[in-house]
Amino acid sequence: MKTKYILCAAFFILQSNLFNVFAQSGAPYIHDPSTIAECAGKYYTFGTGGGGLISDDGWSWHSGADRPGGGAAPDMMKIGDRYLCIYGATGGGLGGGHNGRILTMWNKTLDPKSPDFKWTQAVEVAASDGMEDQDAIDPCLLLDPTTGRLWATYGTYFGTIRIIELDPTTGFRVKGNKEKDIAIDCEATDLIYRNGWYYLLGTHGTCCDGVNSTYNIVVGRSRNVEGPYLDNVGRDMFHGGGRMVINASDRVCGPGHFGRTIIDEGVEIMSCHYEADFELSGRSVLGIRPLLWKNDWPVAGDRFKEGTYEIESERRGYSLELSVDFVRMQQERQGWFNREAMQKPPVPIANQTLDEVKDSWPSGNIAVRCSDYMFRPWQHWTITAVPEAGGYLSNPYFKITIAGTDRALAATADRELTTLPAFTGGDEQLWRIEQLTDGTFRIMPKAIPGMEGINTRYCIYSASDSQPTLADYNFNSDNSKWNLRSAQ
């Protein structure tokens, strides 16, 4: 399912009280979702059965998307100024058989309330007769950015995964095109392209059994769109190969139906469904995770957890901290120059506490800097979700405060950083935290005083080893990147 370039908006969250992780809020119930598509500032995903979900902001979802034809597992992508939908009309053992049909149709808009909303007559582009070792269901689309050619894959465990070529202008099958078998032992495939590689992602395992479903997503890659697709140890997906991309975690299981969305350079998310969310009665729900790339292999990042962190610069490894005086800790010196002390049993030294240092801090705003990490209270930041502030694709907005206090990190009108004595909920005190494709994070204020609208440009940036500021995000510079390490 295909890449979409999107802008970020506001979102709401549903927090798991047990694990402090975040899932899409509202009513995100769907099975076999298409890749998220943007239309007129709203977000859409379509699922099995003909319906789908709409989001005004990309985080809180509700029903209402409309797709005729029923059937299963659609994919959706925008080509030019129109939206192309591909779906399986039957197959998958539905009704007891594997005689499936793959259909395509177009619409000018995905908004069912628009006067331009009208699906074209669906046309068949592939089929299976129920007798051959193949099942025409679960299609996806790839518009090759290097050639402009349009490809589709389809198939299930019953036989093979096949690839065909479509006309990107009409959505019809290219005349004379011959389908090709490229994989087995998976279903709900997706094709994507990145850095000279074509990737075939397939959903492996069992589905449709709630908390007992073993669905997971695996991948192989090829320099040729028609394969062969090999995994990380050279196994061909046509012989059952596949490298793991995502499986069960954080009390959700059965991820399937991969979709990729590019938000910015180095900022990507993957969408899927979870067969069962243990926190939501085991229902099938929409999932959104950071998408990482490790040695040119896709892997799902972790759902972000609230907590207390060291915020460490990728540039030098120095830590974000308050610009306050360093308070020394008292210790009986140990070593060759104090042999008497060395004869005593070792005793752990407790970390310096907030109460031991906070009275030496100024009462007003305090600037921030970067320095060596020393486990000190002025280097520990508690990151907490602010549900009423909305969010963006992957997380809610957060407040970032010095642990044990209400002192809040904030952006200033001159694009610098400060900390305020208390968090007031202002947009300049809200932070967008996104895991990048290399595993590091970018941290951006929701807004900058004096600038209109939501900030999608400026991030916390290491102007020097010790001086953080706000500057243009640049994925190719370690100045823009931070690591979040559990504070100890």
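Visitor: Which loop does phenylalanine 375 lie in?

Guide: Phenylalanine 375 lies in the loop between β25 (366–371) and β26 (381–385). Strands here are DSSP runs of E with at least two residues, helices are runs of H or I with at least four, and both are numbered from the N terminus. You're looking at a predicted model, where local features need pLDDT of at least 70, side-chain atom pairs count only at pLDDT 80 or more, and totals for chains, interfaces and linings use all residues. Residues are numbered from 1 along each chain as its sequence is written, and side-chain values use heavy atoms, with hydrogens and water left out.

Visitor: Why is phenylalanine 375 called partly exposed?

Guide: Buried means under 20% relative accessible area, exposed means over 50%, and partly exposed is in between (1.4 Å probe, protein chains only). Phenylalanine 375 has 44%, so it counts as partly exposed. Its phi is positive, about 65°, although it is not a glycine.

Visitor: Which residues of β25 are on its covered face, and which on its uncovered one?

Guide: Ile366, Val368 and Cys370 make up the covered face, while Ala367, Arg369 and Ser371 make up the uncovered one.

Visitor: What makes β19 and β22 edge strands?

Guide: Four strands form an open, antiparallel sheet in the order β19-β20-β21-β22. β19 (252–264) and β22 (297–300) each pair on one side only, which puts them at the edges. Elsewhere in that order, β20 (residues 267–277) and β21 (residues 283–294) run antiparallel and share seven bridges. Serine 271 has isoleucine 288 in β21 as its bridge partner.

Visitor: What makes a group of residues a nonpolar core, and how many residues has the largest one?

Guide: A core is a set of buried Ala, Val, Leu, Ile, Met, Phe, Trp, Tyr and Cys residues joined through side-chain atoms within 4.5 Å. The largest has 40 residues, and Trp361, Trp381, Ile400, Ile433, Ile443 and Leu484 have the most contacts inside it. A second, separate core has 19 residues, including Leu201, Phe258, Tyr274 and Leu280.

Visitor: How many disulfides are there, and how do you know?

Guide: The count comes to zero. A disulfide needs two cysteine sulfur atoms within 2.5 Å. For cysteine 85, the nearest cysteine sulfur is that of cysteine 140, 13 Å away, so cysteine 85 is in no disulfide. Cysteine 272 is in none either, with the sulfur of cysteine 253 nearest at 11 Å. Cysteine 85 is buried at 0% relative accessible area, and cysteine 272 is buried at 0% too.

Visitor: Why is the contact between arginine 432 and glutamate 434 called a salt bridge?

Guide: A salt bridge has a side-chain nitrogen of Lys or Arg within 4 Å of a carboxyl oxygen of Asp or Glu. Here N to O is 2.8 Å, so the pair passes. Arginine 432 is buried at 1%, and glutamate 434 is buried at 1% as well.

Visitor: What does the salt bridge between aspartate 472 and arginine 457 tie together?

Guide: Their closest N and O atoms are 2.3 Å apart. Aspartate 472 lies in strand β35 (residues 468–472) and arginine 457 in the loop between β33 (441–445) and β34 (458–462), so the pair ties together parts 15 residues apart in sequence.

Visitor: How many salt bridges does the structure hold, and which residues are linked in a network?

Guide: It holds 25. Glu132, Arg162, Arg173, Lys178, Glu179 and Asp181 are linked in a network of them. Lysine 178 and glutamate 179 form one, at 3.8 Å between the closest N and O atoms. Lysine 178 is exposed at 62%, whereas glutamate 179 is partly exposed at 26%.

How values were computed:
Two strands pair if DSSP finds at least two bridges between them.
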